[in-house]
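The sequence and the model come first.

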Amino acid sequence: MTAVLFTCAGQRVDIVSAFGRAGATTVAADLDPLAPALYHADRKALVPRVDDPGYVAALAELVADHDVRLVVPLTDLDQEIVSQARDELAPALVLAPSPEVCRTMGDKYLAHAFFVANGIPSPRTWLPEEVPADARYPLLVKIREGFGSRHIYRSDDAAQLAFHLRATPVDSMVQEHCLGEEFSIDVFCDTEGRCLNAIPRSMIQSKGGESIKGESLQDRELIEHGARVAETIGIVGPANVQCFREPDGSLPVTDVNPRFGGAFPLPLAAGSRYPELALALARGESPEPRLGEFRAGVVMTRFFSDLCLVEGPDGELVPFAEELPEPIAAEPGQV
């Protein structure tokens with residue numbers, strides 16, 4: 001069985017569990033001892049903060065100790081760090097694009113500039129001091145480096161724009177608000193950057209920047225668009241392409257996250273087999289592209305879940321299997 005190390009495992013129980021069902025030995029690492037994904041993996045480990053000088057060394061030790069063959073960063077927090085540390089994490093395959101791609105896609109203004117330079121449509125975007133007089137409102141003040149829709153403010157006129165630019169505490173950019181319907185495309189590429197599949201989905205409802213309701217779509221234009229964007233960028237492994245279909249038929253891309261998306265359960269249920277493809281890459285195999293091979297019309301609706309822990313015999317926290325009390329026998333004459 002291929003051992004897979006998940007960094008910044010956090011709440012990604014869905015991803016860790018899916019790899020386990022695909023046949024992997026799962027090793028989850030996180031800073032927080034209460035990270036739920038730790039307790040759904042075959043093995044768990046606590047590691048330093050991603051900005052700690054000993055972070056990569058801690059991951060390398062886990063690779064050696066567990067004979068890890070695949071490293072999967074699950075958030076933007078350490079993706080570039082892990083990508084940069086390929087040599088230290090060898091012989092494991094790091095399922096992430098080059099550090100340059102991670103850095104460019106992580107800075108939304110640099111990503112926009114890359115899109116424009118490479119023929120990928122993208123909404124008009126400016127640095128705060130460069131917004132032209134003919135900019136079409138509403139405009140969005142957006143954080144350049146962030147996730148989860150934090151620090152995004154809508155401005156309906158110049159006065160609101162000036163206010164939000166003064167008030168925002170982070171380095172931001174300004175982008176025209178798209179007018180059409182929003183879509184996400186979950187893609188997966190091999191180690192050569194060849195797109196193996198692209199699964200579009202509707203954005204029925206989102207909270208905090210994460211899709212909680214959506215439907216898989218058999219839309220050839222979106223499939224080909226997602227594959228083209230992924231290959232142009234140089235994606236390795238998973239990515240989530242966010243775009244709009246505008247009234248003029250264009251498909252401007254607003255964001256590309258080179259990792260598994262928050263709505264990972266939907267493409268998985270639609271038949272993506274992305275965990276199996278990742279394990280095949282770790283074994284040195286070269287799967288053939290299967291663009292469009294998935295089930296359309298799969299609807300995802302997400303909900304909160306929970307995990308209760310208790311202290312085990314060795315002092316470590318373990319999942320709590322609650323024992324139900326014995327039923328109380330009814331007295332004669334009672335119902």
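## Terms and basis

A pocket is an open set of points on a 1 Å grid over the protein atoms alone, with protein on both sides within 12 Å along at least five of seven lines; a cavity is a set of points where a 1.4 Å probe fits but cannot get out, and lining residues have an atom within 4 Å of a point. Grid points are joined across faces, edges and corners, and a volume is the space filled by probe spheres set on the points.

The model is predicted: local features need pLDDT of at least 70, side-chain atom pairs count only at pLDDT 80 or more, and totals for chains, interfaces and linings use all residues. Residues are numbered from 1 along each chain as its sequence is written, and side-chain values use heavy atoms, with hydrogens and water left out.

## Second largest pocket

The second largest pocket holds about 340 Å³ of space. Its lining has 18 residues, and D76, C102, G106, D107 and E145 lie nearest the centre. Two or more lining residues come from each of α3, α5, α6 and β15, where helices (H or I, at least four residues) and strands (E, at least two) are DSSP runs numbered from the N terminus. With four residues, α5 gives the most.

By class the lining has eight nonpolar, four polar and six charged residues. Here Ala, Val, Leu, Ile, Met, Phe, Trp, Tyr, Cys and Pro count as nonpolar, Asp, Glu, Lys and Arg as charged, and the others, Gly among them, as polar.

## Helix α5

Helix α5 spans residues 99–106, and P99, V101, C102, T104 and M105 in it are buried (under 20% relative accessible area with a 1.4 Å probe, protein chains only; exposed is over 50%, partly exposed in between). These buried residues pack against α3 (79–84), α6 (108–117), α8 (220–233) and β15 (253–257), contact being heavy atoms within 4.5 Å.

## Cores and L95

A nonpolar core is a set of buried Ala, Val, Leu, Ile, Met, Phe, Trp, Tyr and Cys residues joined through side-chain atoms within 4.5 Å. The largest one has 59 residues, and F19, F188 and V256 have the most contacts inside it. Helix α8 supplies the largest share of this core, six residues. A second, separate core has 21 residues, including Y55, L59, V71 and V82.

L95 lies in the loop between β5 (93–94) and α5. Its relative accessibility is 2%, so L95 counts as buried. Beyond four places in sequence, the contacts of L95 include V71, F188, P238 and L281. F188 in turn touches L95, P238, F260 and Y274, among others. L95 and P258 are 163 residues apart in sequence, yet 9.7 Å apart in space, C-alpha to C-alpha.

## Cavity

The structure holds one cavity of 30 Å³ or more. The largest cavity has a volume of about 50 Å³, and its lining includes D186, V187, P238, R259, F260 and Y274. Strands β10 (181–189) and β14 (237–245) each supply at least two lining residues. The lining has seven nonpolar, one polar and two charged residues.

## Overall fold

The chain has ten helices and 18 strands. Its radius of gyration over C-alpha atoms is 22 Å, close to the 20 Å that the globule rule gives for 335 residues (2.2 Å times the number of residues to the power 0.38), so the chain is as compact as a globular protein of that length. The C-alpha atoms fill a box of roughly 80 × 60 × 40 Å along the principal axes.

Buried residues make up 48% of the 335 residues. Of the contacts between residues at least 6 apart in sequence, 57% join residues at least 24 apart.
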